[in-house]
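Colleague: Could you walk me through this one before I use it?

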Amino acid sequence: MSSARWLLWRRQAWAVARHELVRSVFSGRIVPVLLLVAMPLSLAGLRALFLPAGQRLDLGHSTADFAQMFALFHLRFVVFFACAVIFAKAFRGEILERSLHYSLLAPLDRAVLVAGKYVGSLIAAWLVLLPATAITFVLFHLPHGAAGFRQVLSATGASHLAAYLAVVALACCAYGALFLLAGLYFSNPMVPALLFLGWEVATPFLPPALKALSFVHYLSSLLPVPPSLGPLALLTRPVDPWLAGFGLLAATAALLVLAVRKARRLEVTYAAD
Amino acid sequence: MTLDAITLRDVSKFYGEVLGVNRITLDLKPGLTGLVGPNGSGKSTLMHLLTGLLRPTRGEISVLGVNPGDPERLFRIVGYCTQYDSFPSGATGLSFLRHALALHGVPAGEADRRCFELLQQVGLADAARRRIAGYSKGMRQRIKLAHALSHAPRVLVLDEPLNGLDPMGRAEMIRLFKELAAEGRFVIVSSHILHEVDAICDAVVMVHGGSVVAEGQIRAVRGEITSQPIQVLVRCDRPRAIAAAALALDHVVEAKLLDDGASVLVRTRDADAFYASLTGIVIASGTAVESVLPADESVDAVYGYLIGQPGVPT
């Protein structure tokens, strides 16, 4: 491939990504995402205000609480639905507002279009979800005063925060690719999103072969502090973190390949949508 | 596939079991071509097929040697102004065109210069920074046209481009289309308003029920409809004398005096023979003739004859 062509593709992909980023962040589309991230933030804020005095002395308690909240609520609900809203609308939003044809009337390989939309949506998701995760993490340590801050800034605290951010970043990659594809296939991508959420929630009960088809199974293996699952812990066996990371990236790549294949066959028949 | 024509070979498109267009074979040449037919006749489907927004169920399409399934090459040479009156939310005229040029890989500085040229060309320079959502219908039509023209394509496909324009705007756009066609570009214009096409197009493609019912220069198409006598309107000072003499000709089937008292409408099976005889009639009767005009060589009339509903084609 000539370098001129490669340069053109990069320029086109970045133009699509920038456009998608602006559409995702500076439009009404961001409102449900902000409402979603406001939930763990509010929870952390309320916890900081009303944590019993006895528990304010126990930093380990907050670390465990955050791990629990992150695994069971932030990751499975907030990040999941935020990605659903942002990525599913990358194509579906333009189909609904009947403006997708402008992208299809450009001298643009459909793979470049998919790549650009994915990257733009990913940056939008990261811009909202990564700071929200970091602030929630800090808020969970806030009731402990100076000790809490020291904990956040310590090597352990910083590595925990980095791991949580990496999990969110990876979750955005994988869920994003899935919802981008869903937006190409379904008129209402929220229906498959809800079905997939059911699958993700049921993961601990699934046999090992089916667990492998769940994103949360891999993401959980990357958590710095495993959540307390009670008796369900017996049913879960963590995956090697490297395998989990590469597995998620491989799944992302596979989903994007499927999205490109679908985009190449895309026709403009708004009336049917 | 020829590199200097737009060709469709046996092209059909079905939406499930619903027919879009059926077995269309066409060769389009440079110049202004009108795609005419009533709403729902298949014009937009045909235009979508030409630009790859739809894929044919059957058949082959080539646009100057390029397959419409290859957007990277196709949209270097094709600009399409669709019928959709919708735009990316929040876009201004300027940002809309800037994004289109960015997708063409045009660097930002050059894109801005080109945007203002285009906005000037379609008369929207003053509204460049306003949101398209606040534009009038005519302004939205113009910005779509600027979008289609942004990369100076050789093939311009325009779906109902005059919709919503005021008479002045229509005249400006028609002049622009004619200029583009005169430069050797392919300008394909669809319309369900047939007299509009009459006024601007060199050739027409008439579509009805998903099929092409006729194509070519309108006069030639009219000449081939032998089942319908050709109508000639003669305006003169002695219409009765012309009518009487015309009725004596064996190819004239009717000569009708019109209410204005200064015109006669002649229906003949052989227009050329009538025109040849008319000179002699005029001299012999000493009539002063103001004008001799074909009365049914319009797209409107021809379309009506072809679909069997004379007078109500639209």
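Predicted model: local features only at pLDDT ≥ 70, side-chain atom pairs only at ≥ 80, totals over all residues.

Colleague: Fine, so how many helices and strands does chain B have?

Modeller: Chain B has eleven helices and 13 strands, taken as DSSP runs numbered from the N terminus (helices are H or I, at least four residues; strands are E, at least two).

Colleague: And what is the strand order in the open sheet of three strands?

Modeller: The order is β2-β1-β4 in chain B, with antiparallel pairing, where two strands pair if DSSP finds at least two bridges between them. The edge strands, each pairing on one side only, are β2 (18-28) and β4 (58-63) of chain B.

Colleague: How many bridges join β1 to β2 there?

Modeller: Seven bridges join β1 (residues 6-15) of chain B to β2(B), and B:I6 has B:L28 as its bridge partner in β2(B).

Colleague: Switching topic, what share of chain B is buried?

Modeller: Of the 314 residues in chain B, 41% are buried, meaning that 20 or more other C-beta atoms, placed from the backbone, lie within 10 Å of the residue's own.

Colleague: And what box do its C-alpha atoms fill?

Modeller: Along the principal axes, the C-alpha atoms of chain B fill a box of roughly 75 × 45 × 30 Å.

Definitions and conventions:
Residues numbered from 1 in each chain as written. Chains lettered and ligands numbered in written order. Buried ≥ 20, exposed ≤ 12 C-beta atoms within 10 Å, placed from the backbone.
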